Amino acid sequence: MAITESIQTVVGTSVKRREDASLLRGRGTFVDNLTLPGTVYMAIVRCPYPHARIVTMNLDVARAAEGVVAAFSGADLAEDWKGSLPCAWPVTEDIKMPPHFPLATDEARFQGDGVAVVIASSRALAKDAAELVEIDYEPLEATADVEKALEDGAPLVHSDLGTNECYVWKLETDDFQAALDAADVVVTRRYFQPRLIPNAIEPRGVLAQVGPSDEVTIWSATQVPHILRFALQIVLGYPESKIRVIAPDVGGGFGSKLDVYAEEALAIALAKRLGRPVKWTEERAENYVATIHGRDTVHHLTFGATKDGKITAVKSEATCAMGAYLQLVTPGIPLLGAWIYSGPYEIPNYSVTFTGVFTHTTPTDAYRGAGRPEATYVLERTMDALAAELGMDPLELRRKNFVKEFPHTMASGLTIDSGDYDASLDRLLELLDLDSIRSEQEALRAGGGAQQIGVGYSTYNEMCGLAPSRILGAIRYAVGGWDSATIRFQPLGSVQVVTGTSPHGQGHETTFAQIVADQLGVDLGDVEVLHGDTAVSQLGMDTYGSRSLTVGGVAIWHASQKIVDKARKIVAHQLEVSEDDLEFANGSFSVVGSPDRAMDVKAVAFQAHSAHNLPDGMEPGLEATATYDPPNFSWPAGAHAAVIEVDIETGDTRLLRYVAVDDVGTPVNPMIIDGQIHGGITQGVAAALWEEGVYDEDANLLSTTMTTYLVPSAAELPSFETARTETPSPTNPLGVKGVGETGTIASAPAVINAVVDALSHLGVTDIQMPATPERVWRAIEEARQ
Ligand code: MCN
């Protein structure tokens, strides 16, 4: 592709992350580092019951406590809300969308639901006083079980709805059932993917200030400053033009900060009422109940196939927990996987149904991969199940069904622009040395010892780069999928790049500067990337869905072309040549055939600003803005393998190797890509082996700290072996595909498939995630009986 070829060395190089110098020295600026004169601190009183009616509430003792400035019940603040906390994805016309206000007024619907707020002169005093709020609750029945919540007589989360069913969404191809009925072999499996609790290093935090003319400034640990700005208008009624949202350094989010939270609205409402800046910093234990969770889905997945292993139909029926309320994109999360239940395989008949269900639990929403790990997990697990049923090698089955030609329009209706699935699998097998793994496995089995090993695979593709706006609109997502970029030369030649994306660990300041340095031929050190402030970056759709490079980065590419176009006009005018006679390379315009007649782009920037000699009618300055709305999603893919050791006496597991080959199109920064893949794999492995948000039968959260919710450290993991194949995307001029979620999407099924493989000689065919020692041990015992 001509445009890709013109890209020079900076793109494709592992430039060190420029973000790290300050972060590693502890000089980052997170919300909790910020304090304004007169700041007061907010503590939320949270309901300790999973479901309860608030009978009485007495705030007097709390109000009289040391340092307390004010205390409010949900009812006290009810008039401050001009609208509910928004849900931007009403996936069906008849979806049930109960109102959700920042504090509950009469009924709390999950453990941790906010019911009152105390504001004091320090965080500690606010917390102490919050404990003095006297509340008489009437505990009510509750359920956290997504299937039981649909049964007759189940306790209702919103009694006025008369049901816990939030929506049913279906996508099915014509004659699907006939195709499934005609299959030689039908395999159906049930899977439960437990709750996952996102653990960003920085919990959420907010600081809000309301000025004398009601101008609102909010600093928030958010992934979505632009979306937050317009949501705050909906909740609080201030016009967006008066709201400035600043996302300073944000210490990770993994989807959990793609949301509009009660505390953001509360901080502003209270800052207005009290005339003082209001700050709130979430604690880790609070994070476990008050920040969204992920997954919590039961699937039944069915394949119909021919005897020789050609899959003819796939059917997925999923029951998906919404939690007690709909947060920003809660109902849409399953849909993010809806089109890829055929994965990298050519499956002509397709049926997907999601039933969204309210339970008395923390709301669910986006968690790394969002919808796509769920789809990939059930698909890749069932590939192994079908292979076992057919007596076929699992890799042969995968290869046999791979999509081979691109672009490929799937039965689900979307078109995969490009890929080479065999190439990724070939590379994986080169790295893996399967023969020696299988020999070792045989020897260990023959030896009859406690330690056994297994190998598992996951060949995946995913749909990311969220955009294009028209498709998002067609599936009822309320916001667009475009993004914007401004490139601004300063008079002396340094360059500001303003992006509408909002990084929180992904390294945009580095990779986006690489793109600009390449395209404009300036030094990387001369390029500064600005983001995360709605006053600086007016137009944007923020960072999630691995969209920032394929949408925001490509917008930067387009803005850089506009800069080159304008600069070319200036040079042609000043050198008195035709624009067509100029070539631009390495930051310099020169006259074709007379290389000594040249002007570099920095000199052009100065000329553009002095404006002494510009073409008639040209505006001074060298600045360009581009918005970009891609024509398609981005389709990364790859092949992963896990090698695992299982102690069949204790059920303990140890990940020995993890090999990942990913195709993310043209790499901008291979080191950042590797970092993204390492982090992503870790989260998928953690879901497969350790992490599980557990509620008891009465909907009390049991995994409330890191001693019971097992986030792994580096010590539990081997160093991952990563490699890439490169199939540039023909959809965008950089040839790039997203990478931010691939590792998480691919890894959990590879690990569980490996655990099952390690135990297959004992008759074990399935293990539920996470494969804790107890579950593994029980599976072995059950198989032995
Ligand atoms: N990149 C690249 N070449 C490619 C593809 C990507 O160099 N071919 C670079 C990009 O330029 C960018 C990074 O890799 O610097 C990730 O790019 P992209 O895939 O566009 O993803 P986003 O920047 O949109 O990030 C979102 C994604 C998501 S959805 C989650 S969840 C996630 C993730 O990123 N959460 C993260 N990675 C995270 N990393 C950190 N440290 N913290 C989180 O919370």
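# Helix contacts, ligand surroundings and backbone geometry

Pro407 sits in the loop that runs between α11 (394-401) and β16 (408-409). The peptide bond joining Phe406 and Pro407 is cis, with omega at about -5°. The model described here is a predicted one.

Pro468 belongs to the loop between β18 (451-461) and α14 (469-474). Another backbone feature concerns Arg295, a residue other than glycine with a positive phi, near 55°. Arg295 is part of strand β13 (residues 294-305). As background, most residues other than glycine have a negative phi, and most peptide bonds are trans.

Helix α15 covers residues 508-520, and its axis comes within 10 Å of the axis of α16, with a crossing angle of roughly 30°. Angles under 35 degrees count as roughly parallel, and α15 and α16 are therefore roughly parallel to each other. Their crossing is right-handed. On the α15 side the contact is made by His508, Phe512, Ile515, Val516, Gln519 and Leu520. On the α16 side, the residues include Ser548, Leu549, Gly552, Gly553, Ile556 and Trp557. By class, this contact has nine nonpolar, seven polar and no charged residues.

Helix α16 (residues 548-575) also meets helix α17 (residues 601-610); their axes come within 10 Å and cross at roughly 85°. Angles of 65 to 115 degrees count as roughly perpendicular, so α16 is roughly perpendicular to α17. Ala567, Ile570, Val571 and Gln574 of α16 touch Val604, Gln607 and Ala608 of α17. The classes here are five nonpolar, two polar and no charged residues.

A further pair is formed by helix α10 (residues 372-390) and helix α19 (residues 742-759), whose axes come within 8 Å and cross at roughly 30°. That angle makes α10 roughly parallel to α19. The crossing of α10 and α19 is right-handed. From α10, the residues in contact are Arg372, Pro373, Thr376, Tyr377, Glu380, Arg381 and Asp384. Their partners in α19 are Thr744, Ile745, Ala748, Pro749, Ile752, Asn753 and Val756. Which classes make up the contact of α10 with α19? There are seven nonpolar, three polar and four charged residues.

The last topic is the ligand. Around the ligand are 31 residues, of which Gln506, His508, Ser548, Gln676 and Val739 come nearest.

| Residue | Protein atom | Distance to a ligand oxygen atom |
|---|---|---|
| Thr511 | N or O atom in the side chain | 2.8 Å |
| Leu549 | polar backbone atom | 2.9 Å |
| Asn669 | polar backbone atom | 3.0 Å |

Technical notes
Residues numbered from 1 in each chain as written. Predicted model: local features only at pLDDT ≥ 70, side-chain atom pairs only at ≥ 80, totals over all residues. Heavy atoms only, no water. Axes fitted to C-alpha atoms, helices over the stretch in contact; angles between N-to-C directions. Helix = DSSP H or I, 4+ residues; strand = E, 2+ residues; numbered from the N terminus. Parallel < 35°, antiparallel > 145°, perpendicular 65-115°, else oblique. Left-handed = near helix turned anticlockwise from the far one by under 90°. Contact = heavy atoms within 4.5 Å. Nonpolar A, V, L, I, M, F, W, Y, C, P; charged D, E, K, R; others polar. Near = heavy atom within 4 Å. Polar contact = N/O pair within 3.5 Å; in protein donor to acceptor, adjacent residues only side chain to side chain.
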